[in-house]
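Hi,

Here is the structure I promised to pass on. Have a look first, then read my notes below.

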Amino acid sequence: MLLAFADATLPPGDPPRVIVRDMSLGKTVVGSQGELLRGATVAYFKFRRETVGQPGYPAIDYATDPAFWDRMSETGINAVRLVFFDGWQRSHGDPNVDPFRPFPFTSLSPADALLQGAATQAEANEISRSDRRNMLRDFDTIVNLAAERNIYLMINYHDTTGYKDPNFITGLQPGQRKFSYTEGQSYLYQFWNRIAPRYANRTHVFYELMNEPVGFHPNNYTADDVFQMSRLFKRVRLLAPDTHLSLATFTTPASFNNRTMLRIAVELDQSGVDFTNASIAFHPYDISNLPHVVQPIAQTMRRYPVINTEQGLPASLKLSEEEPDAPGYFYHLLGSRTMERMNVSWFAWNTFETDQFENVWTDIFQADAILKNYYWGTELMLAEAMSRLENSMNPEAQAAYMMAKPLFDLYTNDPNAELPE
């Protein structure tokens, strides 16, 4: 019955907003009809953008290439995580080049440009204006490319184990690549002050406020960390009242003590985070001698929406030694299979550039899903058909939607679905 609706015309415009759905095992973030998000990752940072076309670098920018987005859509992707990687660039450097300067990064302010070597204030002003203009131009392009293909876009501020400002005065210590931190959070807030309102009304866009802000387990999240995350949440919520916000983004769910993933979620709740349109993000890496078990995720999602924003590969398949191990749970080889079993939305990591996308997404994640019979292609097609019906002005289409929605909910494993009489 539902397949017959797939030929209806989808009205132009952005896909409807993601929602929180409560299913048999708990809550997760889903598309407007209740479909899981199955995503890839696209990176943006100044250094990569400015090296496109240079000798030894890609000839075109895959992130803004319509053909690349067409290919992602063809392979059963309905969401993309847009990683703003300049935060990471800013907090890291090469001690062999200059131990007091970071890797090149987008100058969101003249102070950033001066730090990176601008000779005068006037030059710094021009560099920062140009960097901001280029960043927003590329973000606008990516936002539109996603909308045109009915793909959700999650914008992520990306650093690891830090959301404060790097201490460039002390510089890098011998053997280090990452600066220590001061108490400021200027770059983080400058980014969201520009991005949050710009896409607040783009219904297919939602935000992941920080990537792995604390290293490395939930028990390392202090009361001050919770306060700072809540403070940022409230700021972005003012700028984007209706946009879904994901926060916390644990490197791993495993904890050494009672400050668990669930405990931190409770503290965020108590600090004023409204989880009716927000979620707890996590990465299922196996990075310690703790048991790699699903219970912390299962416990959390019974009370709060969760979303896996970075699904890596197990050690036997990973592309480099820098990747942490990310095996599935329940003895699954891939975490993607576990996420499908638990009805949790997820985003694959290391899908950058065309070749890497094919190697990781097509040859591993998609191939495993097809081989083991959990591929989600039919579900996404049905969800798109449902969206067409819901947004149609035709009374018959509206009536068909009311009949079909409970069937779709049953198909996607919602125990609360009630069939029409």
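This is a predicted model: local features need pLDDT of at least 70, side-chain atom pairs count only at pLDDT 80 or more; totals for chains, interfaces and linings use all residues.

**Aromatic rings and the overall fold**

Ring pairs tie Tyr-44, Phe-84, Phe-105, Phe-139, Tyr-157, Tyr-187, Phe-191, Trp-192 and Tyr-207 into a cluster. Rings of Phe, Tyr and Trp (its six-membered ring) pair if their centres lie within 6.5 Å; planes under 30 degrees apart are called stacked, over 60 edge-to-face, and the rest tilted. By that rule there are 30 aromatic pairs. Take Tyr-62 and Phe-68: their ring centres are 5.1 Å apart and their planes sit at 90 degrees, so this pair is edge-to-face. Tyr-62 and Phe-68 are both buried, meaning under 20% relative accessible area with a 1.4 Å probe, protein chains only.

Phe-84 and Tyr-157 make a tilted pair, with 6.2 Å between centres and 40 degrees between planes. Phe-84 and Tyr-157 are buried too.

One more thing about rings: Arg-341 lies over the face of Phe-330, 3.8 Å from the ring centre. For that, CZ of Arg (or NZ of Lys) must be within 6 Å of the ring centre and within 35 degrees of the ring normal.

Zooming out, buried residues make up 57% of the 421 in the protein chain. The C-alpha atoms fill a box of roughly 70 × 45 × 40 Å along the principal axes.

Residues are numbered from 1 along each chain as its sequence is written, and side-chain values use heavy atoms, leaving out hydrogens and water.

Cheers

Key
Buried means under 20% relative accessible area, exposed over 50%, partly exposed in between (1.4 Å probe, protein chains only).
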